[in-house]
Amino acid sequence: EEEGGGTVLRRYLGEHGATLDTDCLLIWDGGFDFDGSAVLTTGLRGILYTEIHARGARADLHSGVFGGAAPNAANTLAHVLAALKDRDGRVTIPGFYDDVREATPQELEEWSSWPQLEGALNFAVGARALEGEAGRSLAERVQTRPTLDVNGIWGGFTDAGEKTVIPAEATAKVSMRLVPDQEPDRIFEALAAYAPTLSTPGVEIEVRRLSAGAPPVVLGSDSAAMRAARQALETAFETTSRLTRAGYSIPVVIDFQRHVDAPIVSSGFAQFDCNVHSPDENLVLDHFGRGVEMMIRFFWEYGKEVLWTRS
């Protein structure tokens with residue numbers, strides 16, 4: 001329900017979360033790392049999703065008659081999108097980085113021991129080279145640095161064949177991953193004010209917000225639930241575990257954190273190459289079986305610790 005942009009769970013937690021008798025919360029929406037290590041998440045990037053609309057003429061025009069005089073919404077939108085991020089991968093929205101919380105020295109030291117990360121990401125991406133913010137390590141760029149990405153563009157004539165039009169309208173979907181302590185509302189206001197200044201004289205630019213988005217979240221790493229989950233993962237999967245921040249977002253986590261007074265454990269059973277969000281997303285059967293074992297071990301270990309604490 002929450003994954004599809006619904007509001008029922010968010011509203012329910014706001015109204016009833018404080019009354020729920022909860023020892024801990026398990027958010028199982030993650031997976032294993034590139035080297036087979038089990039990952040327990042200590043933070044999540046937030047998200048802000050927008051559409052940028054460009055409008056020039058009243059209707060699409062013939063480029064042979066009006067070319068050289070009529071504003072082209074698609075051309076202008078391309079200029080706007082290109083200007084939102086420079087060639088070094090740094091977002092140009094004024095104030096975008098003002099509130100960014102840097103990774104801790106301890107985090108940076110731990111991430112420096114991931115020599116296989118670049119090779120694993122190169123293999124998973126399958127592009128000629130990786131890109132990103134200059135001057136930042138790969139681990140920082142995928143975990144603790146904010147991003148801006150164009151998710152789709154359309155306008156004018158896009159069918160097969162030829163049609164020489166000057167588009168009157170063009171639209172792009174643009175999302176941003178945010179990090180502590182960036183606020184989605186503030187970033188949206190900055191983008192909405194900045195994008196129109198990048199336009200050409202004949203084209204109007206409007207930025208629309210598609211959802212409430214989600215602020216970034218920092219989770220605790222030292223709780224009885226986290227210790228039990230880590231031990232259960234390592235035993236069931238016969239591997240090491242790693243505490244790390246996730247580059248993705250789980251919007252409902254902030255609602256659990258705000259309204260339910262309980263420690264949160266965020267992890268998952270998906271393997272690194274599961275092709276998440278792709279048509280062939282998959283889970284290997286071995287992880288399914290070991291995942292069942294892990295949950296049994298978790299309830300046993302956590303139950304013992306909770307009982308000892310209460311006694």
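Me: Starting with terms: buried means under 20% relative accessible area, exposed means over 50%, and partly exposed is in between. What does Arg290 count as?

Reply: Arg290 has 22% relative accessibility, so it counts as partly exposed. Keep in mind that this is a predicted model.

Me: What does Arg290 form a salt bridge with?

Reply: Its partner is Asp286. The closest N and O atoms of the two are 3.0 Å apart. Asp286 is partly exposed too, at a relative accessible area of 46%, because that value falls between the 20% and 50% limits.

Me: How many residues apart are Arg290 and Asp286?

Reply: They are 4 residues apart in helix 10, so about one helical turn separates them.

Me: Is Leu285 buried or exposed?

Reply: Exposed, because its relative accessibility is 74% and the cut-off is over 50%.

Me: Zooming out. How many helices and strands are there in the chain?

Reply: The protein chain has 10 helices and 11 strands. Its C-alpha trace spans about 85 × 45 × 40 Å along the principal axes.

Me: What share of the residues is buried?

Reply: 41% of the 311 residues. The chain exposes about 17100 Å², and carbon and sulfur atoms supply 52% of that.

Me: And the contacts: what share joins residues at least 24 apart?

Reply: 80%, taken among contacts between residues at least 6 apart in sequence.

Me: Back to salt bridges. How many are there in the whole structure?

Reply: A search finds 22. One of them pairs Arg242 with Asp33, with the closest N and O atoms 2.8 Å apart. That pair links distant parts of the chain, 209 residues apart. Arg242 is in strand 10, while Asp33 is in the loop between strand 1 (25-28) and strand 2 (38-44).

Me: Are Arg242 and Asp33 buried or exposed?

Reply: Both are buried. Compare Asp222 and Arg227, whose side chains meet in a salt bridge at 2.9 Å, N to O. There Asp222 counts as exposed because it has 64% relative accessibility. Arg227 is partly exposed, at 40%.

Me: Which residues are linked in a network of salt bridges?

Reply: Arg90, Glu102, Glu133, Arg136, Glu140 and Arg145.

Me: New topic, helix packing. At what angle do helix 1 and helix 9 cross?

Reply: Roughly 10°, with the axes coming within 9 Å. Helix 1 is residues 8-16 and helix 9 is residues 252-259. The two are therefore roughly parallel, because angles under 35 degrees count that way.

Me: Which residues make that contact?

Reply: On helix 1, Leu9, Arg10, Leu13 and Gly14. On helix 9, Val252, Ile254, Asp255, Phe256 and His259.

Me: What is the phi of Glu238?

Reply: Near 50°, a positive value in a residue other than glycine. Glu238 lies in the loop between helix 8 (224-237) and strand 10 (241-246). Glu238 is exposed, at 63%. Asn275 also has a positive phi, about 60°. Asn275 is in the loop between strand 11 (264-267) and helix 10, and counts as partly exposed at 35%.

Me: Last stop, Thr76. Where is it found?

Reply: In helix 3, residues 73-83. Thr76 counts as buried because its relative accessibility is 3%. Not counting residues up to four places away in sequence, Thr76 touches Ser199, Thr200 and Val203.

Me: And what is Glu206 in contact with?

Reply: Glu51, Ile52 and His53, leaving aside neighbours within four places in sequence. Glu206 sits in strand 8, residues 204-209. Glu206 is partly exposed, at 41%. Its C-alpha atom is 40 Å from that of Val265, which is 59 residues away along the chain.

Definitions and conventions. Residues are numbered from 1 along each chain as its sequence is written. This is a predicted model: local features need pLDDT of at least 70, side-chain atom pairs count only at pLDDT 80 or more; totals for chains, interfaces and linings use all residues. Side-chain values use heavy atoms; hydrogens and water are left out. Buried means under 20% relative accessible area, exposed over 50%, partly exposed in between (1.4 Å probe, protein chains only). Axes are lines fitted to C-alpha atoms, for helices over the stretch in contact, and angles run from 0 to 180 degrees between N-to-C directions. Angles under 35 degrees count as roughly parallel, over 145 as roughly antiparallel, 65 to 115 as roughly perpendicular and the rest as oblique. Contact means heavy atoms within 4.5 Å. Accessible areas come from the Shrake-Rupley method with a 1.4 Å probe; for residues, only the protein chains shown count as cover. A salt bridge is a side-chain nitrogen of Lys or Arg within 4 Å of a carboxyl oxygen of Asp or Glu.
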